[in-house]
Amino acid sequence: MSPAPTDVPDTARRRAAELHALLHHHAHRYYVLDAPEIPDADYDRLFQELQALEAAHPALLTPDSPTQRVLGQVLPGLAPVRHAVPMLSIRTETDTTAAGALAFDARVRRELALAPDDPPVRYAVELKFDGLAINLRYERGVLVQAATRGDGETGEDVTHNIRTIGQIPLRLLGETAAPPLLEVRGEVYMRRDDFERLNERQREKGGRTFINPRNTAAGAVRQLDNRALADKKLSFFAYGLGDVQGWVQPPTHSATLDALAAFGLPVSAERAVVAGAEGLVTFHARIAAQRDALPFDIDGVVYKVDEIALQRRLGFVTREPRWAVAHKYPAQEQATRLNGIEIQVGRTGKLTPVAKLEPVFVGGTTVSNATLHNVFELRRKGVRIGDRVIVRRAGDVIPEVVGRVPEARPHYVPNFRMPRQCPVCGSAVVREKGGIDHRCSGGLFCAAQRKQALLHFAGRRAMDIEGLGDKLVDQLVDGGLIRTLPELYKLGVAKLSALERMADKSAANLVAALEKSKATTLARFVYALGIRQVGETTAKDLARHFGSLDRLIAASEDELLQVRDVGPVVARSIRTFFDQPHNVEVVEQLRAAGVHWPEHEAALGPQPLAGRTLVLTGTLPTLSRDEAKALIEAAGGRVAGSVSKKTDYVVTGAEAGSKLDKARELGVAVLDEDGLRALLAGG
């Protein structure tokens with residue numbers, strides 16, 4: 001870094017040097033080692049501070065500044081690949097409000113010299129994926145090379161790993177002839193559900209868990225040995241072009257993406273073309289509302305001037321296109337202080353260490369508690385009370401501590417140890433041989449397990465007992481009124497009215513809800529029992545397969561393994577549950593209390609949707625989403641969350657979204673509610 005002129009204050013010069021060193025260090029940890037030490041939000045703050053210093057003192061701006069280049073380097077062991085067309089970064093708009101979109105549109109209009117009464121600029125709007133940028137090189141339609149972004153000029157050859165990603169075609173599809181050369185740019189990422197399943201497998205076998213989907217995908221792609229990808233399911237979205245020869249690019253970016261989709265490349269359905277600043281603001285707000293429900297992580301949206309001719313007019317500034325910007329959302333990782341660790345006892349008796357944090361705003365909400373999963377995970381992460389830790393929250397996933405911020409501790413802090421007695425009931429805490437979870441041995445004797453079992457039993461997707469919530473369950477258990485599930489149905493208005501804040505009308509409503517819940521389905525009842533490893537979907541599969549509870553109770557492990565998606569662990573858990581005499585006694589007492597369902601549900605009639613996959617989108621005239629799903633599943637069908645080539649039908653209602661567009665693009669049959677009912681009737 002060349003010395004700055006004397007008119008730059010010493011404090012500014014020293015701070016700029018510090019920021020250079022910090023940003024280079026953290027960029028190396030993030031891009032090269034895939035082992036970040038600080039959250040993205042902290043890095044962004046340092047980056048913005050340097051930008052502000054350079055704007056105030058232009059003499060501090062040097063060619064080696066972190067603000068002037070795309071960061072990243074080629075790792076030893078992977079062959080370097082020189083990009084024929086540089087993989088440039090997009091300018092980031094860090095104002096997460098609507099002002100960020102307004103500022104970009106105003107800048108574009110100004111640089112195009114548009115008058116206020118000129119038509120609005122049309123923009124292609126997309127998601128900003130949180131993964132690893134990749135360049136795919138197709139020669140005459142065949143994938144010949146895949147390379148990472150690297151430093152923008154030179155990347156790393158990762159063809160051997162990219163070939164293992166099923167979404168990426170090895171040969172381009174389509175009716176038109178493939179170009180002699182087509183370089184496709186896109187993002188390799190990991191879906192949240194795939195990431196959670198990966199970490200769950202790691203916990204089960206006592207292995208190390210991964211911090212987040214982005215770093216897991218990036219690390220997997222850059223492995224020298226692609227056998228390391230065997231247990232990591234990666235995905236890909238295309239979003240642009242690199243070098244192209246012998247192919248005329250469509251006149252707009254949106255049409256280019258359509259062309260890539262026609263070649264068989266995966267392109268996100270969450271994209272659109274909007275007009276002017278108002279369209280940008282609306283898209284940013286719409287995706288913000290959907291962000292938690294997306295199956296993958298994003299950290300913003302991307303706006304691009306749609307017309308290629310206008311892109312060329314706007315050009316580039318400091319290796320960034322003037323015609324595009326990434327508009328961020330609030331960070332989903334933040335650093336805070338770990339003030340303590342408490343133990344939470346779940347309905348199955350599992351003891352989970354919970355971090356008590358200095359409140360921190362992350363992922364759109366204030367977080368003060370986060371899971372630490374188990375003591376082995378806690379030790380692996382090296383987290384101790386008093387540390388500054390990184391907290392992650394994504395979607396509906398429970399916030400978790402993903403690691404500590406490396407810094408010297410002022411004094412010795414001992415490792416956290418799991419208690420020998422349950423903090424709720426005092427029963428012995430045990431750990432199965434070879435297992436990683438500690439559990440209370442108290443069973444229903446333990447109030448925590450009793451409370452959680454009751455709440456699970458009463459849940460909307462289980463017995464659906466309206467009015468039986470946390471506070472009431474606390475009173476019922478703490479007051480000794482309920483010790484087992486069947487005792488719920490012995491509650492009367494007089495006994496309930498005597499409870500705190502429980503008027504006669506509320507008591508009568510709860511008794512009526514209890515009476516109503518007695519008429520249920522076998523699937524709901526099995527799910528309500530709270531059998532370990534048996535979720536809602538597995539309960540439905542068990543009900544369909546066996547048709548009656550007696551057959552299920554008598555089923556051997558081998559017979560259970562014949563059920564769809566039931567493996568050895570689940571089969572063993574079900575068999576263990578029904579081998580306990582007190583569990584079978586609870587079932588019989590619930591039946592004696594009047595809980596019932598249609599027996600032999602699997603044999604009630606034909607299943608016209610057996611083996612079919614349906615997707616629901618929009619608002620149906622008379623059916624709620626849950627009601628439609630229940631009808632489809634009762635007819636043997638499966639309801640998926642996204643449209644693919646494996647989808648048989650898309651059922652649409654009012655305000656159908658991008659799923660309808662995707663269905664039309666793939667040629668999937670589209671039905672309205674009447675069409676669904678006809679299908680259910682065997683039509």
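# Exercises on a predicted model

The chain has a mean pLDDT of 86, and 94% of its residues reach 70 or more. The model is predicted. Residues 69–73 stay under 50 in pLDDT, and the model has 19 contacts for them beyond four places in sequence.

## Exercise 1. Two aromatic pairs

Task: classify the ring pairs Y43 and F47, and F104 and Y123, then place each pair in the chain.

Solution. 
- Step 1. A pair of aromatic rings is described by how far apart the centres are and by the angle of the planes.
- Step 2. The structure holds 13 aromatic pairs. One of them is formed by Y43 and F47, with 6.3 Å centre to centre and 25° between the planes. Planes under 30 degrees apart count as stacked, so the Y43 and F47 pair is stacked.
- Step 3. Y43 and F47 both lie in helix α2 (residues 40–56); because they are four residues apart there, about one helical turn separates them.
- Step 4. Buried means under 20% relative accessible area. Y43, at 16%, is therefore buried, whereas F47, at 21%, is partly exposed.
- Step 5. For F104 and Y123 the ring centres are 5.6 Å apart and the planes are at 50°, so this pair is tilted.
- Step 6. F104 belongs to helix α3 (residues 98–111) and Y123 to strand β3 (residues 122–129); the two are 19 residues apart, and their pair links distant parts of the chain.
- Step 7. F104 has a relative accessible area of 0% and is buried. Y123 is also buried, with a value of 0%.

## Exercise 2. The surroundings of S268

Task: decide whether S268 is buried or exposed, and list what its side chain reaches and which residues S268 touches.

Solution. 
- Step 1. S268 sits in the loop between α7 (253–262) and β9 (272–275).
- Step 2. The relative accessibility of S268 is 7%, so this residue counts as buried.
- Step 3. The S268 side chain reaches the backbone nitrogen of E270 at 3.1 Å.
- Step 4. Leaving aside residues up to four places away in sequence, S268 touches L127, F129 and F237.
- Step 5. F129 and F237 also belong to a cluster with Y189 and F296, linked by ring pairs.

## Exercise 3. A glutamate in a strand

Task: locate E183, say whether E183 is buried or exposed, and name its contacts.

Solution. 
- Step 1. Strand β7 (residues 181–189) contains E183.
- Step 2. E183 has 4% relative accessibility and therefore counts as buried.
- Step 3. Beyond four places in sequence, E183 touches N135, L136 and R137, and also G240, L241, G242 and D243.

Note on methods. Residues numbered from 1 in each chain as written. Predicted model: local features only at pLDDT ≥ 70, side-chain atom pairs only at ≥ 80, totals over all residues. Heavy atoms only, no water. Buried < 20%, exposed > 50% of the residue type's maximum accessible area, 1.4 Å probe, protein only. Polar contact = N/O pair within 3.5 Å; in protein donor to acceptor, adjacent residues only side chain to side chain. Contact = heavy atoms within 4.5 Å. Phe/Tyr/Trp six-rings, centres within 6.5 Å; stacked < 30°, edge-to-face > 60°. pLDDT = per-residue confidence, 0-100.
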